[in-house]
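I write down each term with its cut-offs when I use it.

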Amino acid sequence: MAHAFTYGTLMWADIMARVCGADAEPFTPPVAATLADHARHPVRGHDYPAMVPAMGHQVVGRLYLDVPEAAWPRLDRFEGDEYERHEVLVTLSDGSWRRAWTYLFRADLAARLDAGDWDEARFEREGKARFVSRYVGFDAL
């Protein structure tokens, strides 16, 4: 089993569980993790973010440990053609390291990103319910 570093909508366990499906449960709660030399930006016109390599920056997210194999095809479909799965090395709050898979925004689509960091608190407050209600892809997973 592999680990998944999440930095956007999948940081919320209820969304992650819905995307991964019943075959992937039970999940252990995610743990805090940080990915160095990357930045997270809002995707213009959407509630979700994108992550790109960026020297000197870091992204704080959540790490799901031991994600079942059955979940990965569903995660790949959820992320779609805008993202590519990459293996990264994340740091946990205790200073230890873990290899994990994450999804990076395709470099050729960078013009669709807004400046600044994606606002996690704003998403929880304003965007999460809208994202869940609008995202019709859950049924296709």
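My entries below go through the pockets, the cavity and the helix contacts in turn.

**Ground rules.** I am working with a predicted model, in which local features need pLDDT of at least 70 and side-chain atom pairs count only at pLDDT 80 or more, while totals for chains, interfaces and linings use all residues. Residues are numbered from 1 along each chain as its sequence is written, and side-chain values use heavy atoms, with hydrogens and water left out.

**Largest pocket.** I looked for pockets on a 1 Å grid over the protein atoms alone, where a pocket is an open set of points with protein on both sides within 12 Å along at least five of seven lines, a cavity is a set where a 1.4 Å probe fits but cannot get out, and lining residues have an atom within 4 Å of a point. For the largest pocket I noted about 410 Å³ of space, a volume being the space filled by probe spheres set on the points, with grid points joined across faces, edges and corners. Its lining has 20 residues, and Thr9, Tyr48, Phe78, Tyr83 and Phe131 lie nearest the centre. I then asked which elements supply at least two residues each, and found strand 1 (2-6), helix 2 (71-79) and helix 3 (120-134); helices (H or I, at least four residues) and strands (E, at least two) are DSSP runs, numbered from the N terminus. Helix 3 gives the most, with three residues. I sorted the lining into 10 nonpolar, five polar and five charged residues, counting Ala, Val, Leu, Ile, Met, Phe, Trp, Tyr, Cys and Pro as nonpolar, Asp, Glu, Lys and Arg as charged, and the others, Gly among them, as polar.

**Second largest pocket.** I recorded a volume of about 210 Å³ for this one. Its lining includes Pro42, His46, Trp118 and Gly127, and helix 3 again supplies the largest share, here five residues. The lining residues divide into three nonpolar, two polar and six charged.

**Cavity.** My search of the whole structure found one cavity of 30 Å³ or more, and the volume of the largest cavity is about 30 Å³. It is lined by Ala4, Phe5, Thr6, Leu10, Met16, Leu75, Trp101 and Tyr103.

**Helix 1 with helix 2.** How do these two helices lie to each other? Their axes, which are lines fitted to C-alpha atoms over the stretch in contact, with angles running from 0 to 180 degrees between N-to-C directions, come within 8 Å and cross at roughly 105°. Helix 1 and helix 2 are therefore roughly perpendicular, a term for angles of 65 to 115 degrees, whereas under 35 counts as roughly parallel, over 145 as roughly antiparallel and the rest as oblique. The contact (heavy atoms within 4.5 Å) is made by Met16, Arg18, Val19 and Cys20 of helix 1 and Ala71, Arg74, Leu75 and Phe78 of helix 2. I count six nonpolar, no polar and two charged residues there.

**Helix 1 with helix 3.** The axes of helix 1 (residues 13-20) and helix 3 come within 12 Å and cross at roughly 20°, so I wrote these two down as roughly parallel. Asp14, Ile15 and Arg18 of helix 1 meet Phe123, Lys128, Phe131 and Val132 of helix 3.
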